[in-house]
Amino acid sequence: MFPIRRLCCQSNRIMAGVMKHVTDYTIHANRGSNHEAAGHSGRQGNHHSESSAVLVLLNYRLPRFTPLLWSQACLRVCADGGANRLYDELPQFFPRDDPSVVRLRHKPDVIKGDLDSIRADVRDYYEKLGTIIIDQSHDQETTDLHKCIRFIKESTPQLDKTLLKVLVVGALGGRFDHEAANINVLWTFANSLRIILFSEESSLTLLPTGYVHEIHVDRSFEGPHCGLVPVGAPSLSTTSTGLYWNLDQTPMSFGSLISTCNILDSDVVTVVSDVHLLWTTELRYEP
Ligand SMILES: Nc1ncnc2c1ncn2[C@@H]1O[C@H](COP(=O)(O)OP(=O)(O)OP(=O)(O)O)[C@@H](O)[C@H]1O
Ligand SMILES: Cc1ncc(C[n+]2csc(CCO)c2C)c(N)n1
């Protein structure tokens with residue numbers, strides 16, 4: 001029998017105000033101010049029993065809950081042009097504050113990539129603040145997200161990777177080739193890291209085969225729509241509970257059935273499959 005793999009990537013509570021979307025991801029790893037944050041070496045203090053969040057910002061529209069994830073992350077990494085998004089868009093989430101003050105409060109620990117998209121003024125700004133900038137322009141085979149995830153994996157050896165969650169914002173809804181590459185990163189690191197891709201509208205993560213996935217959803221802001229998609233290979237048998245349209249040793253593949261436009265029917269969804277599946281939920285906000 002497969003071991004149980006508990007996933008609370010969407011456990012949270014709703015807050016009033018602009019930032020209605022609070023996501024704690026079972027993470028209690030806010031390590032205080034940014035200046036006390038983990039840094040590039042990933043120093044984390046003693047929280048081996050806690051789960052930790054690393055935030056990666058990509059070069060596409062940042063979701064409104066980015067400041068919240070920022071505040072909960074112990075390490076913040078920008079993938080190349082993701083630094084432009086941080087510089088340009090973060091202040092917009094704090095309309096009452098002076099943009100320059102907001103920027104000072106949000107210094108990334110690391111900017112990494114081939115650095116062909118980060119603007120010179122943005123690079124200068126964060127370099128002067130002390131952000132570590134890693135130029136990997138020699139590598140034109142892997143994407144900036146891939147480079148960042150590899151960095152996270154290699155620079156946090158002391159963290160229990162089963163507890164570490166890598167939250168990636170700006171990952172969905174933009175250019176399709178980038179989206180496909182972002183999803184490919186889920187496969188590349190399937191057996192080593194829990195990675196969750198976000199846009200404003202959706203969360204997306206990989207359910208590796210070999211486990212009974214117990215997914216704890218928060219229906220106060222997740223759903224009702226959700227999906228289970230066999231992107232990498234056809235499934236001969238997938239079984240689920242907690243969905244309106246459950247699967248019962250059901251085959252799925254592109255060209256026949258894939259489970260999209262499904263509906264959450266419980267706070268706990270379980271999934272067992274013979275292949276890696278994508279799990280996606282819709283994200284909702286108060287009007
Ligand atoms: N439109 C988009 N949609 C989704 N993800 C994106 C998009 N643009 C960039 N990204 C993500 O952000 C990362 C950094 O983006 P950046 O624009 O710096 O990459 P790039 O390699 O310079 O892209 P390009 O192919 O445009 O040269 C990418 O690796 C990708 O993961
Ligand atoms: C078969 C193949 N297709 C596309 C690329 C291009 N490419 C893939 S990742 C990357 C870096 C983007 O920052 C670039 C340029 C390649 N190398 N090999």
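Helices and strands here are DSSP runs numbered from the N terminus, with helices being H or I of at least four residues and strands being E of at least two.

I note that the model is predicted, so that local features need pLDDT of at least 70 and side-chain atom pairs count only at pLDDT 80 or more, while totals for chains, interfaces and linings use all residues. Residues are numbered from 1 along each chain as its sequence is written, chains are lettered from A and ligands numbered from 1 in the order in which they are written, and side-chain values use heavy atoms, with hydrogens and water left out.

I checked the pairing of strand 12 (residues 222-229) with strand 17 (residues 277-283): it is antiparallel, over five bridges. Two strands count as paired if DSSP finds at least two bridges between them. Strands of a sheet pair through backbone hydrogen bonds, in either the parallel or the antiparallel sense.

I then read off the order of this open sheet of ten strands as 7-6-5-4-8-9-10-17-12-15, and the pairing is mixed. From one strand to the next, the twist averages 20°. Angles use lines fitted to C-alpha atoms, for helices over the stretch in contact, and run from 0 to 180 degrees between N-to-C directions.

I looked for what packs on the sheet and noted helix 2 (residues 82-89), which touches strand 4 (52-57), strand 5 (75-79) and strand 6 (110-113). Its direction makes about 110° with that of strand 5. Contact means heavy atoms within 4.5 Å.

Gly-223 and Pro-224 are joined by a cis peptide bond, with omega about 10°. I place Pro-224 in strand 12. Asp-80 is not a glycine, yet its phi is positive, near 40°. I find Asp-80 in the loop between strand 5 and helix 2.

I traced another open sheet, of five strands, in the order 1-11-16-13-14 with mixed pairing. Strand 1 (4-7) and strand 14 (250-252) are the edges; each has a single partner strand, so one side of each has no neighbour in the sheet. Neighbouring strands of this sheet are turned by 30° against each other on average, direction ignored.

I looked up strand 13 (residues 235-241) and strand 16 (residues 268-273), which run antiparallel and are joined by four bridges. Ser-240 has Val-271 of strand 16 as its bridge partner.

**Ligand 1**

I listed 17 residues around ligand 1, of which Asn-59, Asp-116, Ser-117, Arg-175 and Asn-182 come nearest. A residue is near a molecule if one of its heavy atoms lies within 4 Å of it. By class I get five nonpolar, eight polar and four charged residues in this shell. Ala, Val, Leu, Ile, Met, Phe, Trp, Tyr, Cys and Pro count as nonpolar, Asp, Glu, Lys and Arg as charged, and the others, Gly among them, as polar.

Next I took the distances to oxygen atoms of ligand 1. A polar side-chain atom of Asp-116 lies 2.8 Å from one, a polar side-chain atom of Ser-117 lies 2.6 Å from one, and a polar backbone atom of Leu-145 is 3.4 Å from one. Of the 610 Å² of accessible area that ligand 1 has on its own, the protein covers 82%. Accessible areas come from the Shrake-Rupley method with a 1.4 Å probe; for residues, only the protein chains shown count as cover. Helix 5 (144-155) and helix 6 (176-188) are the elements giving two or more residues to the shell around ligand 1.

Technical notes: A polar contact is a pair of N or O atoms within 3.5 Å; within protein, one must be able to donate a hydrogen and the other to accept it, and residues adjacent in sequence count only if both atoms are side-chain atoms.
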